[in-house]
Amino acid sequence: MDPEMQKQSTTSSGFTVLQVPATMHTQSSIKAFFYIAQMTLRILVIAFTLAGAITMITSDQSITVFGIAMDARYNYSASFRFNVVVNFVVCGLCLQSVVLVIVLNRPKSNPKNYFYLLLHDLVNMLLLLSGVSAAMAIGYVGRFGQQKTGWIAICDGVQKFCDKIMVSIVLSFLAVIFLLLLTVISAYKLKSLPN
């Protein structure tokens with residue numbers, strides 16, 4: 001323990017007692033809170049992006065209309081395929097960032113490296129947001145159609161397909177929110193560093 005941080009006091013029985021200032025307890029509890037929050041949010045991002053991708057991949061549905069078999073598949077739309085790829089990429093990058101957070105939490109690591117973690121989370125958030133937005137645009141047309149352009153809604157016929165696509169989009173949007181929280185945490189951590 002740092003000698004400057006210790007205070008000594010002598011009790012009536014003659015024993016010397018070391019007192020640790022309250023700020024040291026507060027700093028370690030704040031560091032533990034940030035570590036737990038970082039790890040929890042990263043695990044949630046990994047789980048939600050993986051679940052979003054798997055839900056979209058398994059959304060295929062086949063129906064028969066007037067004796068004609070029709071398939072609704074996620075891979076018929078470039079936007080849905082893009083969303084699946086982005087979810088897998090962000091999931092993999094967040095797995096790598098878990099290792100980075102563990103390394104940054106070591107006592108001898110340079111806390112200024114949180115800047116790279118902030119950039120990492122920001123890029124992941126923007127990448128995932130672009131994939132989700134593309135999927136949501138096509139999902140909206142599939143559910144409600146677009147009368148002015150002549151696109152009809154298909155969700156009346158393939159309800160299971162549309163429901164799974166919507167669940168996938170919601171899961172991905174939740175992962176975007178978790179990534180936003182991670183960028184805020186990393187930014188706060190950088191702001192609180194001594195100059």
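# Reading a helical model, step by step

Buried residues (under 20% relative accessible area; over 50% is exposed, and in between is partly exposed, with a 1.4 Å probe and protein chains only) make up 34% of the 195 residues in the protein.

Q: What should I know before I start reading?

A: This is a predicted model, in which local features need pLDDT of at least 70, side-chain atom pairs count only at pLDDT 80 or more, and totals for chains, interfaces and linings use all residues. Residues are numbered from 1 along each chain as its sequence is written, and side-chain values use heavy atoms, with hydrogens and water left out.

Q: How many helices and strands does the protein have, and what pattern do they follow?

A: Helices (H or I, at least four residues) and strands (E, at least two) are DSSP runs, numbered from the N terminus. Here there are four helices and four strands. Along the sequence they come in the pattern β-β-α-β-β-α-α-α.

Q: How do I describe two helices that cross, such as α2 and α4?

A: Start with the axes, which are lines fitted to C-alpha atoms, for helices over the stretch in contact; angles run from 0 to 180 degrees between N-to-C directions. In this model, helix α2 covers residues 78–104 and helix α4 covers residues 159–191; their axes come within 12 Å and cross at roughly 35 degrees.

Q: Is the crossing of α2 and α4 left-handed or right-handed?

A: The rule looks at the near helix: turned anticlockwise from the far one by less than a right angle, it gives a left-handed crossing, and clockwise a right-handed one. The crossing of α2 and α4 is left-handed.

Q: Which residues of α2 and α4 meet?

A: Contact means heavy atoms within 4.5 Å. From α2, the residues are Phe80, Asn83, Asn87, Val90 and Cys94, and they meet Phe161, Ile165, Ser168, Ser172 and Leu179 of α4. Sorted by class, this contact has six nonpolar, four polar and no charged residues. For that sorting, Ala, Val, Leu, Ile, Met, Phe, Trp, Tyr, Cys and Pro count as nonpolar, Asp, Glu, Lys and Arg as charged, and the others, Gly among them, as polar.

Q: What is in contact with Ser168?

A: Ser168 is found in helix α4 and is buried, with a relative accessible area of 0%. Leaving aside neighbours within four places in sequence, Ser168 is in contact with Gly52, Thr55, Met56 and Asn83. Ser168 and Phe80 are 88 residues apart in sequence, with their C-alpha atoms 10.0 Å apart in space.

Q: Is Leu41 buried or exposed, and what does Leu41 touch?

A: Leu41 has its place in helix α1 and is buried, at 11% relative accessible area. Beyond its neighbours within four places in sequence, Leu41 is in contact with Phe178, Leu181, Leu182 and Ile185. Leu41 and Leu181 are 140 residues apart along the chain, and their C-alpha atoms are separated by 7.9 Å.

Q: How many salt bridges does the structure hold?

A: Side chains of opposite charge can pair when their charged atoms come close. A salt bridge is a side-chain nitrogen of Lys or Arg within 4 Å of a carboxyl oxygen of Asp or Glu. The structure holds two salt bridges. In one of them, the side chains of Asp121 and Arg42 meet at 2.8 Å, N to O. Asp121 lies in helix α3 (residues 114–144) and Arg42 in helix α1 (residues 22–57), so this pair ties together parts that are 79 residues apart in sequence. Asp121 is buried, at 0%, and Arg42 is buried, at 0% too.

Q: Where does the pair of Arg143 and Asp163 sit?

A: The side chains of Arg143 and Asp163 meet in a salt bridge of 3.5 Å, N to O. This pair links distant parts of the chain, with Arg143 in helix α3 and Asp163 in helix α4, 20 residues apart. Arg143 is partly exposed at 24% relative accessible area, and Asp163 is partly exposed at 31%.
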